[in-house]
Amino acid sequence: FAVPAFNYSDIWELLSIAEAAIEERAPVYIAANMRVAETIGLEYLGAMGRTAYDLSGGRIFNHLDHSSSVELCKRAVDCGYLSVMIDASMCPLEENIEKTSAVVAYAHRYGVAVEAEIGRILGRNAEGAYLGEDYLVCVADAVRLARETGVDSLAVGIGTAHGFYRQEPNVNLQRLREVNDAVSIPLVLHGGTGVPAETVRSCIRNGIAKVNVGTQLHAVYLEELRRQLGGG
């Protein structure tokens with residue numbers, strides 16, 4: 001079993017995710033990346049997240065996604081977020097450990113969960129831009145990051161990508177198994193849009209406890225908006 005994390009870009013997407021979660025009585029993360037958080041404001045999103053949590057009976061968790069800023073993560077904690085992600089995967093390992101440790105030390109004082117990233121998520125959009133070849137998570141690096149920071153969950157680079165895939169994703173399940181065997185914390189799959197259902201199930205069987213989906217939601221939203229405005 002894995003909990004889905006659905007990315008929203010505005011209040012209407014947030015409401016759609018929350019209403020579906022309440023209707024299904026299902027746990028979900030409602031996630032906003034740095035650009036959305038800074039544009040709308042953490043104070044507004046924090047208040048909406050607390051309302052969604054209350055209305056859902058504690059099933060909806062407000063999450064700051066892919067923040068490269070330690071200070072933004074701390075501000076999200078101050079604004080009532082229940083979960084934050086510090087993404088220092090583009091930094092050398094020592095700096096990733098330092099930044100993650102700083103967020104963990106602050107967030108855990110308030111009972112807020114922290115996600116970090118090791119390896120790289122492919123693709124190019126507001127959540128991250130990486131198109132290189134060296135994306136796979138190093139098992140030894142994952143072990144160090146988990147052990148030395150006390151982080152709660154770990155996003156791992158195993159071949160998934162942000163945005164739509166141009167071909168079927170090449171997900172490295174062997175590397176995922178190796179990381180899962182080496183660490184004791186839940187793992188996170190980013191770039192869930194377009195990953196075949198059976199591949200997702202295989203990832204869950206091998207340690208993935210949270211699956212992020214955003215691109216598909218945004219695309220359906222914009223297609224329906226275009227249709228209602230008479231554009232097709």
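Q: What do the buried residues of α1 pack against?
A: In this predicted model, they pack against the strands β1 (3-7), β2 (28-33) and β3 (60-67), and against the helices α3 (42-55) and α9 (215-228). Contact here requires heavy atoms within 4.5 Å.

Q: Which residues of α1 are the buried ones?
A: They are E13, L14, I17, A18 and A21.

Q: Which exposed residues sit on the face of α1 turned away from its buried side?
A: W12, E19 and E23 are carried there. Exposed requires over 50% relative accessible area.

Q: How does the reach of α1 compare with the expected span?
A: Helix α1 covers residues 11-24, which is 14 residues. The expected span takes 1.5 Å times one less than the number of residues, and comes to 20 Å for α1. From first C-alpha to last, the helix reaches 20 Å, so the value is close to the expected one.

Q: What is found at the start of α1, and what follows the helix?
A: At the start, a side-chain oxygen of D10 comes to within 3.0 Å of the backbone nitrogen of W12. After the helix comes R25, with a positive phi near 55°.

Q: Why does S89 count as buried?
A: The cut-off for buried is under 20% relative accessible area. S89 has 12% relative accessibility, so S89 counts as buried. This residue lies in the loop between β4 (83-86) and α5 (93-107).

Q: What makes the pairing of S89 and D87 a polar contact?
A: Their side chains are joined at 2.7 Å, and the cut-off for a pair of N or O atoms is within 3.5 Å.

Technical notes: Residues are numbered from 1 along each chain as its sequence is written. This is a predicted model: local features need pLDDT of at least 70, side-chain atom pairs count only at pLDDT 80 or more; totals for chains, interfaces and linings use all residues. Side-chain values use heavy atoms; hydrogens and water are left out. Helices (H or I, at least four residues) and strands (E, at least two) are DSSP runs, numbered from the N terminus. Buried means under 20% relative accessible area, exposed over 50%, partly exposed in between (1.4 Å probe, protein chains only). A polar contact is a pair of N or O atoms within 3.5 Å; within protein, one must be able to donate a hydrogen and the other to accept it, and residues adjacent in sequence count only if both atoms are side-chain atoms.
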